[in-house]
Amino acid sequence: MRIISTERSQVLAARVAERLGISLVETKFTRFPDGELYLKCGELDDETLIVSSIVDNDMFMQTLLAIDAADHSKNTLVVPYLGYSRQDKRFSPGEPISARAVARALSTGIERVYVVNIHDPGVLSHFGVPAKNVTIAPAVGGYIGDLRLKNPLILAPDEGAIDFASGVAAVGGWDCDHLEKTRLSGEEVRIAPKTIDAAGRDAVIVDDIISTGGTLATAACMLREQGAASIHAACVHGVLTSGAYTRLRAAGVSSVVSSDTYENASSFISAASAIVTAIKEDAHR
């Protein structure tokens, strides 16, 4: 087996290759004058692992090209970040189910798919091949442990994210709760942990994705007002669009970290070990 990656997943692909003890194949990327993408892979084997986060339209196209370039091998696709996955239903007439469209397109030429902390696991049913969700909650918990916080309080931004937060908290046996929004009046809203007081605690808000960071920044300000000793944010996919990082730091968040599923300067956590474990488990079945 050999590994190839698209342009925005090179670091994670190299980490996966190192942990599997297999070769990372050089891939060259360029663009034609008319804007069309081109890639060329080095020598492949009879099995290929393709690592590609769909962080934008170019990476979606590069993924399709990489799959086609490896058409003479048995291919496994790792999609650390699956773009379009949050449009997982038709909210109004005339809309596409974008997650389904992307999953169907990525199923051709592939034997199996691994996705990291997908927002809704139900999306995996749209793939035409076996697809598995891989969680890196333990890796996020490991990073929080390295911060050496005293008795941290792990917080999910809402009730829907409590399972992920619980998986993070289980690493250190820490307290876990979710934030709850309470409307006090027509203009005043309070965001606070549902059951555990944040006063005097080092609070860590964890989620699968941080996009604009607006709600999280508001929550951070309110946690400060409630007496939290410090506030940190950790997520799997650090999209951090529209100035999200500076917005969070300005709101009093001491640190903002994410994983290498969406490679950027905040990617201090790696999904490589969890991906490799999932691949090895299926290989031994």
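Me: Which strand or helix gives the most to the lining of the largest pocket?

Reply: β12 does, with five residues. Helices (H or I, at least four residues) and strands (E, at least two) here are DSSP runs, numbered from the N terminus. Bear in mind that this is a predicted model, where local features need pLDDT of at least 70, side-chain atom pairs count only at pLDDT 80 or more, and totals for chains, interfaces and linings use all residues. Residues are numbered from 1 along each chain as its sequence is written, and side-chain values use heavy atoms, with hydrogens and water left out.

Me: OK, how much space lies in that largest pocket?

Reply: About 640 Å³. On a 1 Å grid over the protein atoms alone, a pocket is an open set of points with protein on both sides within 12 Å along at least five of seven lines, a cavity is a set where a 1.4 Å probe fits but cannot get out, and lining residues have an atom within 4 Å of a point.

Me: What does UniProt say about His119?

Reply: The unreviewed UniProt entry annotates His119 as "binding site", though such annotations may be inferred rather than shown by experiment.

Me: Where does histidine 119 lie, and what is it in contact with?

Reply: Histidine 119 is in the loop between β7 and β8 (131–134). Leaving aside neighbours within four places in sequence, histidine 119 is in contact (heavy atoms within 4.5 Å) with Arg86 and Asp208. The side chains of histidine 119 and aspartate 208 also make a polar contact of 2.8 Å; that term takes a pair of N or O atoms within 3.5 Å, one able to donate a hydrogen and the other to accept it.

Me: Why does histidine 119 count as partly exposed?

Reply: Because its relative accessibility is 47%, and partly exposed sits between buried (under 20%) and exposed (over 50%), using a 1.4 Å probe and protein chains only.

Key. Points joined across faces, edges and corners; volume = space filled by probe spheres on them.
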